[in-house]
2 protein chains.
Amino acid sequence: MKLALQTNEELTKIHQEAVKQYEDFKSLGLQLNMARGKPCAEQLDLALGVLEALRARSEFANSNGDDCRNYGVWNGLPEMREIFSKMMEVPADLIILGNNSSLQMMFDCISQGFTHGFGGCQPWCKQEKVKFLCPSPGYDRHFGVTEYFGFEMIPIPMLKTGPDMDLIERLVAEDDTIKGCWCVPKYSNPTGITYSDETVRRFAALKPAAKDFRIMWDNAYCVHDLTDTPDTLLNLYDECLKYGTEDHVLFFASTSKISFPGAGVAALGASKSNIEDLKRRITTQTIGPDKLNQLRHILFLHDINGVYSLMQGHREILEPKFHIVEDSLEHELGELGIAKWSEPNGGYFVNLDVMNGCAKRVVSLCKEAGVILTDAGATFPYGADPNDSNIRIAPSFPPQEELRQAMHLLCICVRLAASEKLLSERY
Amino acid sequence: MKLALQTNEELTKIHQEAVKQYEDFKSLGLQLNMARGKPCAEQLDLALGVLEALRARSEFANSNGDDCRNYGVWNGLPEMREIFSKMMEVPADLIILGNNSSLQMMFDCISQGFTHGFGGCQPWCKQEKVKFLCPSPGYDRHFGVTEYFGFEMIPIPMLKTGPDMDLIERLVAEDDTIKGCWCVPKYSNPTGITYSDETVRRFAALKPAAKDFRIMWDNAYCVHDLTDTPDTLLNLYDECLKYGTEDHVLFFASTSKISFPGAGVAALGASKSNIEDLKRRITTQTIGPDKLNQLRHILFLHDINGVYSLMQGHREILEPKFHIVEDSLEHELGELGIAKWSEPNGGYFVNLDVMNGCAKRVVSLCKEAGVILTDAGATFPYGADPNDSNIRIAPSFPPQEELRQAMHLLCICVRLAASEKLLSERY
């Protein structure tokens, strides 16, 4: 029963019913938070072994022979770079380790483009205008960084295959003020899609007018599969080698959603020439990253197989939560024709598109009833969703029972907002 | 017997003797490094308890109730801010914690001045010219940061009371392109002096022409006493409050030389208005610092008394090493009138001034014989010591016996270079 096809009387009844359910829910006085992609405590317990490491003094000096407690080793421990090399599919000698935040590594790269420029080009701060391509919906913190530096953000529609490459190819070829493009290529935040092989190839083959154009390839969910039929992402680094475009890309990943969000290890991969640019800044900025934390991770994970088996544990906790979200949506909204959602094979989000003009209303209704969702619009540059339809659902943090309740409320609010809107259009 | 007063014959003899001793030493084929202020392994062992913490899950949630493994808490855990508040003498609510590097926090502050400006002023990148005052000899990495951003560095002579305040007062009052001044106010790197009360008061009372002038107050050695008569530093923050100049200063410290250089906790203190500026950048740059490492430090140190007792242990290891350096210099160079050196009450360095024009020669002779010292000139902006006389001795890292050997070589090289110079002036 499509909502839009109901008679006025039926629609009014549905609306009243939704309002009643909403008020009932509100009276429960719940306090739930689904705003951010935060792992839950059970997930964090999976990596407790990280903290068990580093007890015997002999452990501090392994690796390249340095005492890992002391200063030095600007690009991080070889064994940890090896693990990231496998995750990111970039050679280990082109990997630089940071501290706990890949976002910080991205910010610092953008900042370096702003203050010093890339590849010998003029720093972005000296250029009249700087624009960044922002496939949308996308990751709000990416957009936050570009907004902080005052770059103009150009939204790029997300298709099932990834960003609209026709548009990107045309824009970067004709406009040399376009200096970058944000990408979450696997289990994209929030849409959950993985870029198609063709999309990856077209990124590698881009012919930007700007020599200092950089793709920010944030592979945050590279090993975050949640089904038996995981997506596969073509290796951009290898494709770039074919076109000689490896300078166009900066690769990022972290163990934030593998070990600990607040105390993991972040990494950056880059071409030899980009590494030279980055090295000068990084060795001026710090005498080295936290190597003890890298060592903890090495002792716990051993190698990439340690990562895979840990991720299996994450899947066991997360997969049922994603099913709860998808089942709720299907069960409570499936026939109404007022919402579409993703069923991703991995990552951290379910992408919900409600009727145009209803997302803000839904998020605000939920908030009033005690369930915090990501702000409507946050997944678009400047927080402006042109259709006001996109809502990001982050199922990882709440316990299953709370998630069920929160999803029930969300579905009530979607029905309430949709019927409200349809009625207002009729009268 | 002053070397300069010797006859030509005597001087030639002294020179030949030094050359002979030098060649003998060289044939030993030693490999010693005194280049950096790195703590030795025994010092690092003092803080092993940091790594013993964090085993029971109940420990992760103490503090403000957050799970410290997860994202969040942009300014760090309250208990650790409390410890830094005592060390830095700045209120805990004005302290922001970083990861393992105070240098990185300084770099990022300078970078923020460059990209966004302070106090609503134009970003430094938009200003025609930016200059920084560099009390010299000083810390090479400070100068490295200012050089990286292309600022003009103005050397300021270091007196026994701290930087030449007459000069600083005049320069900042008349030149609004002077945007900052580097300071290591206690046990200064490398001179070892502590700023006098009057110097601190005059810093607080500065009337800079530039509204966005910022003093970089790097209190790296605030608790690093090495004698029973430690220096005391007047509290700049309190003094600034008297003059209403608290926006002029950014305060820095870290546990790099308390717990672990590579895995400590860094902190920044700032006025309320500066904190607002910094918060916008930091919360865009990262979702929070490594709180588990902060928690480790809290569980090990408990409070400021834990810091004091730990520093007592450092003193027991370092004090004898400083005595070896000072005794060698006194014993081998004391009567020759060719060198002066500091006898600091704390910190990490002994400052050696050799005859003008001899520092590079001495450092290069030492290197050739297997002892690496800090590059001559490194303690001055652009690596340019106008007198070519300053050498920084870092006694902390080598074991005592190696330190004795290295000092012996250094003294030989000072005699060799001085006699060589005096001879060349006579013939």
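This is a predicted model: local features need pLDDT of at least 70, side-chain atom pairs count only at pLDDT 80 or more; totals for chains, interfaces and linings use all residues.
Let's begin with how the two chains sit relative to each other. In general, two copies of a chain are related by a rotation about an axis and a shift along it.

What about the place where the chains touch? Of the interface residues of chain A, 100% are also interface residues in chain B, so the copies meet through the same surface.

Most residues other than glycine have a negative phi, and most peptide bonds are trans. With that in mind, have a look at the loop between β6 and α8 of chain A, where Tyr187(A) lies. Tyr187(A) is not a glycine, yet it has a positive phi of about 50°.

Pro190(A) also has its place in the loop between β6 (178-183) and α8 (197-204) of chain A. The peptide bond leading from Asn189(A) to Pro190(A) is cis, with omega near 5°. Turning to chain B, you can find Pro190(B) in the loop between β6 (178-183) and α8 (197-204). Asn189(B) and Pro190(B) are joined by a cis peptide bond, with omega about 5°.

## A negative patch

Asp327(A), Glu330(A), Glu335(A) and Glu343(A) form a negative surface patch. One of these residues, Asp327(A), belongs to helix α12 of chain A, which covers residues 304-333.

How values were computed:
Residues are numbered from 1 along each chain as its sequence is written. Chains are lettered from A and ligands numbered from 1 in the order in which they are written. Side-chain values use heavy atoms; hydrogens and water are left out. Contact means heavy atoms within 4.5 Å. Patches are made of residues with over 30% relative accessible area and no salt bridge: like charges are joined within 9 Å, nonpolar side chains (Val, Leu, Ile, Met, Phe, Trp, Tyr) within 5 Å. Accessible areas come from the Shrake-Rupley method with a 1.4 Å probe; for residues, only the protein chains shown count as cover. A salt bridge is a side-chain nitrogen of Lys or Arg within 4 Å of a carboxyl oxygen of Asp or Glu. Lys and Arg count as positive and Asp and Glu as negative; His and the chain ends are not counted. The place of a charge is taken as NZ of Lys, CZ of Arg, CG of Asp or CD of Glu. Helices (H or I, at least four residues) and strands (E, at least two) are DSSP runs, numbered from the N terminus.
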